Amino acid sequence: MASAIALLPATRRTSIATIINLTRKLNITACNYSSSSASRRKQLILYSKPGCCLCDGLKEKLNTAFSLSSPTTPHSISLHDVDLQVRDITSNPEWEKAYQYEIPVLTRLRSDGTEEVIPRFSPRAGVDHIQSKLAAALSRDD
């Protein structure tokens with residue numbers, strides 16, 4: 001199953017609780033359609049904003065990393081089992097305050113609903129490097 005990218009509506013009234021609930025619903029739906037009912041899809045969140053060239057560059061590399069990932073990668077996390085959600089920080093004042101000087105920020109959603117920031121990738125990092133770093137970050141226990 002290819003990776004899913006979810007865009008949240010650009011309203012300033014979307015609460016964090018609503019977003020977490022929506023994310024959980026999307027995760028459950030993705031799991032129901034998964035080829036293995038025992039496998040749980042991993043969730044990445046990219047905080048971004050329109051007109052950010054670093055954000056656009058990372059989105060492009062992530063999309064390439066997802067599309068080149070093999071669904072049968074042995075002994076590691078396949079990026080085919082990962083959902084990427086792009087969040088526009090201008091749509092939520094809390095995100096904007098937290099990340100306005102830091103974007104792009106990539107996090108992984110833990111099973112308890114909290115987010116763990118993944119260390120920033122160099123804009124010059126290759127897709128292979130990004131794939132291996134993502135696999136390492138996603139394979140960590142919650």
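In this predicted model, Leu-58, Lys-61, Leu-62, Thr-64, Ala-65 and Leu-68 of helix α2 are in contact (heavy atoms within 4.5 Å) with Val-127, Ile-130, Gln-131 and Leu-134 of helix α4. Seven of the residues in this contact are nonpolar, two are polar and one is charged, where Ala, Val, Leu, Ile, Met, Phe, Trp, Tyr, Cys and Pro count as nonpolar, Asp, Glu, Lys and Arg as charged, and the others, Gly among them, as polar. Local features need pLDDT of at least 70 and side-chain atom pairs count only at pLDDT 80 or more, while totals for chains, interfaces and linings use all residues. Residues are numbered from 1 along each chain as its sequence is written, and side-chain values use heavy atoms, with hydrogens and water left out.

**The packing of α2 and α4**
- Helix α2 (residues 53–68) and helix α4 (residues 127–139) pack with their axes, which are lines fitted to C-alpha atoms over the stretch in contact, 9 Å apart and at an angle of about 75 degrees.
- The two helices are therefore roughly perpendicular (65 to 115 degrees) to each other.

**The buried side of α4**
- Val-127, Ile-130, Gln-131, Leu-134, Ala-135, Ala-137 and Leu-138 are the buried residues of α4, buried meaning under 20% relative accessible area with a 1.4 Å probe and protein chains only.
- These residues lie on the same side of α4, because they cover an arc of only 165 degrees around the axis, taken from the directions from the helix axis to the C-beta atoms.
- Among the elements covering them are β2 (42–48), α2 and β3 (82–88).

**The whole protein**
- The protein has four helices and five strands, which are DSSP runs of H or I with at least four residues and of E with at least two, respectively.
- Of the 142 residues in the protein, 39% are buried.

Methods. Axes fitted to C-alpha atoms, helices over the stretch in contact; angles between N-to-C directions. Parallel < 35°, antiparallel > 145°, perpendicular 65-115°, else oblique. Buried < 20%, exposed > 50% of the residue type's maximum accessible area, 1.4 Å probe, protein only.
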